[in-house]
Amino acid sequence: MSTQPKYTHGYAPAVIRSHSWRTAERCAPDLLARLEPGMRILDIGSGAGTITCDLAAHVTHVTAVERVEESAALTRAEAERRGVSNVETVIADCHALPFADASFDAVHIHQVLQHVAGPVTALAEAIRVVRPGGTVSVTESDYAGFRWHPESPEISRWLELYRETARRNGGEPDAGVFLRAWTNAASPRVLGHGPAAVDYLSRPWVFANPEDCGWWSQTWADRVSRTALAEDIVAYGFASQEELERIADGWRSWCEGPDAWFTVAHSVALITR
């Protein structure tokens, strides 16, 4: 099994714009509550770097891991833009991290396991490199649990196409519901038993006012029609570019009514080694 499946989202401006919206307060509040000065953190899949830099404000050092230079450069650029000097970027495979056992006080993983070939192996590696008593914080979305109102056949079709394409690319878009199973499988590989404790939580994103719904809908209108996702959908024969343009229009019209609401389902595992 390849450890480098195709990254479904790609790195188009619409994707980076969306990922740059993410902050530690929005995406990792439970980990933030556990951080202390002097800690060293590993951020696996740092991407746009906004969460990474937020975490760096609370600790001594953050090592950001990305699998290719293109995405690592995004993290470095964000750190430079914000004048953050305690972030180091490393290009590595999350299935085989180049760090010694117990190297970090905490590990942060946000919407990464859904894109890798071996989520259990990647999670086992995260547990391996955190110190005893340290935390591995994992957040994964569950596309099957996304909900919206009013109903939209175009958005329903978008979800169908996204899940089909993500799986074709080697990922699992409904990763959130597997976190307990993956943790149960990963821990014994490293520890010989389960972790000291695991807190399982739900942390949805809710878009429910005109500004937020407008931003979210335009983000996906662009992403479904003008990014690597669109290219893959067409290349795989799942839909035509003309259909993707209709889906994009459906996204834009969905947010125009006064009742628009979108919930992005996330599951969280806070694993204490």
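User: Where is the place of valine 107?
Analyst: In this predicted model, valine 107 has its place in strand E4.

User: Buried or exposed, how does valine 107 count?
Analyst: Valine 107 counts as buried, because its relative accessibility is 0%, which falls under the 20% cut-off for that word.

User: And what does valine 107 touch, not counting residues up to four places away in sequence?
Analyst: With those residues left out, valine 107 touches Leu42, Ile44, Ala126, Val129, Val130, Thr135, Val136 and Ser137.

User: How many residues apart in sequence are valine 107 and histidine 9, and how far apart in space?
Analyst: Valine 107 and histidine 9 are 98 residues apart in sequence, and from C-alpha to C-alpha they are 23 Å apart in space.

User: New topic: which residues have the most contacts inside the largest nonpolar core?
Analyst: The largest nonpolar core has 48 residues, and those with the most contacts inside it are Trp158, Trp251, Trp254 and Phe262. Helix H7 gives the most to this core, with six residues. Apart from this core lies another one of 31 residues, and among them are Phe99, Val129, Ala186 and Leu191.

User: What is tryptophan 158 in contact with, leaving aside its neighbours within four places in sequence?
Analyst: With those neighbours left aside, tryptophan 158 is in contact with Tyr143, Phe146, Trp220, Val224, Ile247, Trp251 and Phe262.

User: At what angle do the axes of H7 and H11 cross?
Analyst: The axes of helix H7 (residues 153–168) and helix H11 (residues 241–254) cross at roughly 125° and come within 8 Å, and the two helices are therefore oblique to each other. H7 passes H11 in a left-handed crossing.

User: Which residues meet in H7 and H11?
Analyst: From H7, Glu154, Ile155, Arg157, Trp158 and Leu161 meet Glu243, Leu244, Arg246, Ile247, Gly250, Trp251 and Trp254 in H11. By class, the contact of H7 with H11 has seven nonpolar, one polar and four charged residues.

User: And how do the axes of H9 and H11 cross?
Analyst: The axes of helix H9 (residues 210–226) and H11 come within 8 Å and cross at roughly 180°, which makes H9 roughly antiparallel to H11. The residues of the contact of H9 with H11 divide into ten nonpolar, four polar and four charged.

User: Let's switch to the threonines: where is threonine 263, and what is it in contact with?
Analyst: Threonine 263 is in strand E9 (residues 261–264) and counts as buried because its relative accessibility is 17%. Leaving aside neighbours within four places in sequence, threonine 263 is in contact with Gly145, Phe146, Arg147, Pro204, Trp205 and Val206.

User: Which helix does threonine 50 lie in?
Analyst: Threonine 50 lies in helix H4 (residues 50–56), and at 7% relative accessibility threonine 50 counts as buried. Not counting residues up to four places away in sequence, threonine 50 touches His19, Ser20, Arg22, Glu78 and Arg82.

How values were computed. Residues numbered from 1 in each chain as written. Predicted model: local features only at pLDDT ≥ 70, side-chain atom pairs only at ≥ 80, totals over all residues. Heavy atoms only, no water. Axes fitted to C-alpha atoms, helices over the stretch in contact; angles between N-to-C directions. Helix = DSSP H or I, 4+ residues; strand = E, 2+ residues; numbered from the N terminus. Parallel < 35°, antiparallel > 145°, perpendicular 65-115°, else oblique. Left-handed = near helix turned anticlockwise from the far one by under 90°. Contact = heavy atoms within 4.5 Å. Nonpolar A, V, L, I, M, F, W, Y, C, P; charged D, E, K, R; others polar. Core = buried A, V, L, I, M, F, W, Y, C linked by side-chain atoms within 4.5 Å. Buried < 20%, exposed > 50% of the residue type's maximum accessible area, 1.4 Å probe, protein only.
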